[in-house]
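Please read them beside the structure.

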Amino acid sequence: MLTELEVLHPFGQGNPEPVFGLRSVRFRQRPEVFKEQHFRFHVEDERGRRIYGVAWKLAHRLPPVGIPVDLAVQVAWNVHNDRKLLQMELIDWRLSETG
């Protein structure tokens, strides 16, 4: 999917970067706060595959552990030390609606 999204570049005024919604996500562990402002996290699918993420300037609003939340995220490749991993950037979250 990310390869297909690259066709939409460049992002900017008049061509905003896509934002995706993930519903009823449960954090199994408390996100890791860093530099007192941001946090790192990961979520797993039903097969146990992890996707890592980062939330900039949201450390004051950590999502709860074990409670379903809806996420608004952007996705991109994180290339570091010759490793290329899919990474989510958390834009915002809310408690999932029940019913």
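In what order do the strands of the open sheet lie?

1. The order is S1-S5-S6-S4-S3-S2, an open sheet of 6 strands with mixed pairing. Strands are DSSP runs (E, at least two residues), numbered from the N terminus, and two of them pair if DSSP finds at least two bridges between them. Strand S1 (20-25) and strand S2 (32-34) each have a single partner strand, so one side of each lacks a neighbour in the sheet.

2. The model is predicted: local features need pLDDT of at least 70, side-chain atom pairs count only at pLDDT 80 or more, and totals for chains, interfaces and linings use all residues. Residues are numbered from 1 along each chain as its sequence is written, and side-chain values use heavy atoms, without hydrogens and water.

3. Strands S5 (residues 69-80) and S6 (residues 83-95) run antiparallel and are joined by 12 bridges. Asn78 stands opposite Leu85 in S6.

4. His42 belongs to strand S3 (residues 38-44). Its relative accessibility is 16%, so His42 counts as buried (under 20% relative accessible area, 1.4 Å probe, protein chains only). Beyond its neighbours within four places in sequence, His42 is in contact (heavy atoms within 4.5 Å) with Phe27, Gln29, Arg50, Ile51 and Tyr52.

5. The lining of the largest pocket divides into 9 nonpolar, 7 polar and 5 charged residues. Here Ala, Val, Leu, Ile, Met, Phe, Trp, Tyr, Cys and Pro count as nonpolar, Asp, Glu, Lys and Arg as charged, and the others, Gly among them, as polar. S6 gives the largest share of this lining, 4 residues.

Key: Buried means under 20% relative accessible area, exposed over 50%, partly exposed in between (1.4 Å probe, protein chains only).
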